[in-house]
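This report describes the fold and some of the side-chain contacts of one protein chain. Please look through the sequence and the structure below before reading on.

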Amino acid sequence: MCMEVADFSYGSDPSGLVWGYLFGRGAQALALDSAAALDWLNRAEQQAPDEFIWLHFNLSNAASEKWLKTHVRLAEEFYETLHQGSRSTRIELAENTLIAVVNDVLHNFSFEASDISTLWLSVTRRIVISARRTPLQSIERLRQAVKGEEPIRSSVELLVHLLRDQADVLVKIVRDAGARVDDIEDRLLAGRLTRKREDLGALRRVLVRLQRLLAPEPAALFRMLQRPPAWVAELDTQELRQSTEEFAVVLRDMSSLQERIKLLQEEIAAGVNEDNNRSLFVLTIVTVLALPINIIAGMLGMNVGGIPLAQHPHGFLIIAVIVVSFTVVAGWLVIRMQKNS
């Protein structure tokens with residue numbers, strides 16, 4: 001046992017291990033490097049029954065998967081999920097092992113779809129393996145809790161803590177998104193909205209993708225909670241069920257925020273349509289008012305004999321009065337039609 005591997009920032013050691021911890025030897029978890037972790041794995045049967053380890057790997061390091069296949073016996077389903085790419089959050093039971101796919105957001109999340117990535121976990125009574133390709137917020141919060149000597153009594157409780165950390169991260173995202181929507185709404189009411197639907201559209205797309213990826217698959221979770229592995233304590237099952245219910249509350253808040261964004265988009269669209277109708281009405285008035293002038297000017301401008309009032313001394317004045325009269329009548333008709341509609 002030696003210094004924490006995570007001291008190398010978000011890199012990993014040659015085996016791909018980012019950090020490792022041993023639980024069950026006192027209140028504080030002991031940091032492990034890959035050599036100490038391998039030694040514990042080789043003597044796992046001789047270790048105390050309440051001990052378990054958590055190893056976190058960086059899949060961007062090509063040595064990670066090779067090290068796991070060589071030194072840790074994991075269910076084949078775990079490796080299958082690694083190569084499926086990003087999928088919705090779920091917890092399944094395979095070969096008496098809990099396989100979890102947890103979608104999370106990157107550090108410095110900026111409401112971009114590319115800021116969402118996946119964390120994979122394999123959880124047994126004695127061994128917890130987590131792996132990711134990019135640094136994620138929830139797993140880092142869990143590491144800080146472990147470093148802060150927060151008691152973790154079982155491997156399933158570690159998973160529950162991760163789900164709750166993920167819910168906390170999601171709550172912050174919803175709050176930040178709500179603040180953005182509040183700002184857009186205030187600018188809309190004040191008439192100072194510039195980009196209008198673009199900001200709301202981008203924000204709504206990210207929230208929809210977050211909800212689709214983060215919402216746990218109910219069927220898989222229900223099956224697992226109905227028939228949990230024998231090594232999972234009843235208390236852990238209850239806490240897992242409670243954490244998923246808390247997570248569902250956050251997802252409902254996210255759905256409400258999406259509906260609010262949709263209503264704002266509809267209000268903005270209605271305002272745009274109203275502006276377009278007003279512009280079209282002005283254009284129609286101008287066209288109608290110019291119609292008598294164009295008709296009379298076209299008729300009098302024909303270079304043929306018999307043009308009315310061509311030799312009359314007040315011909316221009318008469319034509320001007322006729323044009324003005326037609327224009328006034330046409331304008332009155334347009335305004336009356338607009339009022340009636």
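## Strands E1 and E2

Strand E1, residues 17–23, runs antiparallel to E2 and is joined to E2 by three bridges. Across this pairing, Leu 22 faces Leu 30 of E2. The model is a predicted one.

## The sheet as a whole

The two strands belong to an open sheet of seven strands with mixed pairing, in the order E2-E1-E3-E7-E6-E5-E4. At the edges are strand E2 (30–32) and strand E4 (90–94), each of which pairs on one side only. From one strand to the next, the twist averages 20°.

At the E4 end of the order, E4 and E5 run antiparallel and are joined by five bridges. Arg 90 stands opposite Val 101 of E5 in this pairing. E4 and E5 also form a hairpin with two residues between the strands, in which Glu 95 has a positive phi near 55°.

## Strand E6 and its neighbours

E6 pairs with E5 through eight bridges, and the two strands are antiparallel. One of the residue pairs here is Asp 104 with its bridge partner Ser 117 in E6. With E7, E6 pairs over five bridges, again in the antiparallel sense. Leu 121 is placed opposite Ser 130 of E7, and three residues lie between E6 and E7 in the hairpin that they form.

How many of the eight residues of E6 are buried? Eight of the eight are, so E6 is largely enclosed by the rest of the structure. Ile 116, Thr 118, Trp 120 and Ser 122 point one way from the strand, while Ser 117, Leu 119, Leu 121 and Val 123 point the other way; all of them are buried.

## Helices across the sheet

Helix H2 (residues 63–71) lies across strand E3 (52–58) and strand E7 (127–132), and runs at about 150° to E3. Helix H4 (residues 137–147) lies across E1, E3, strand E5 (97–105), strand E6 (116–123) and E7. The direction of H4 is at about 40° to E1.

## Salt bridges

Side chains of opposite charge can pair when their charged atoms come close. In the whole structure, a search finds 13 salt bridges. One of these is between Glu 140 and Arg 143, at 2.7 Å from N to O. Glu 140 and Arg 143 are three residues apart in helix H4, which means that about one helical turn separates them. Glu 140 counts as buried because its relative accessibility is 10%. Arg 143 likewise counts as buried, at 10% relative accessibility.

Asp 168 and Arg 141 form a salt bridge in which the closest N and O atoms are 3.5 Å apart. Asp 168 lies in helix H5 (residues 155–189) and Arg 141 in helix H4, so this pair ties together parts that are 27 residues apart in sequence. Asp 168 has a relative accessible area of 40% and is partly exposed; Arg 141 is partly exposed at 38% relative accessibility.

A further salt bridge joins the side chains of Arg 260 and Asp 182, at 2.4 Å from N to O. Here Arg 260 is in helix H8 and Asp 182 in helix H5, so the parts tied together are 78 residues apart in sequence. Arg 260 is partly exposed at 28% relative accessibility, and Asp 182 is partly exposed at 33%.

## A nonpolar patch on the surface

Which residues form a nonpolar patch on the surface? They are Leu 291, Ile 295, Met 299 and Met 302, and together they have about 400 Å² of accessible area. Ile 295 is located in helix H8, which spans residues 234–300. With 45% relative accessibility, Ile 295 counts as partly exposed.

## The chain overall

The protein chain contains nine helices and seven strands. Of its 341 residues, 45% are buried. Among contacts with a separation of 6 or more, 67% are between residues 24 or more positions apart. The chain exposes about 18,400 Å², and 56% of that area comes from carbon and sulfur atoms.

Definitions and conventions: Residues are numbered from 1 along each chain as its sequence is written. This is a predicted model: local features need pLDDT of at least 70, side-chain atom pairs count only at pLDDT 80 or more; totals for chains, interfaces and linings use all residues. Side-chain values use heavy atoms; hydrogens and water are left out. Patches are made of residues with over 30% relative accessible area and no salt bridge: like charges are joined within 9 Å, nonpolar side chains (Val, Leu, Ile, Met, Phe, Trp, Tyr) within 5 Å. Accessible areas come from the Shrake-Rupley method with a 1.4 Å probe; for residues, only the protein chains shown count as cover. A salt bridge is a side-chain nitrogen of Lys or Arg within 4 Å of a carboxyl oxygen of Asp or Glu. Helices (H or I, at least four residues) and strands (E, at least two) are DSSP runs, numbered from the N terminus. Buried means under 20% relative accessible area, exposed over 50%, partly exposed in between (1.4 Å probe, protein chains only). Two strands pair if DSSP finds at least two bridges between them. Axes are lines fitted to C-alpha atoms, for helices over the stretch in contact, and angles run from 0 to 180 degrees between N-to-C directions. Contact means heavy atoms within 4.5 Å.
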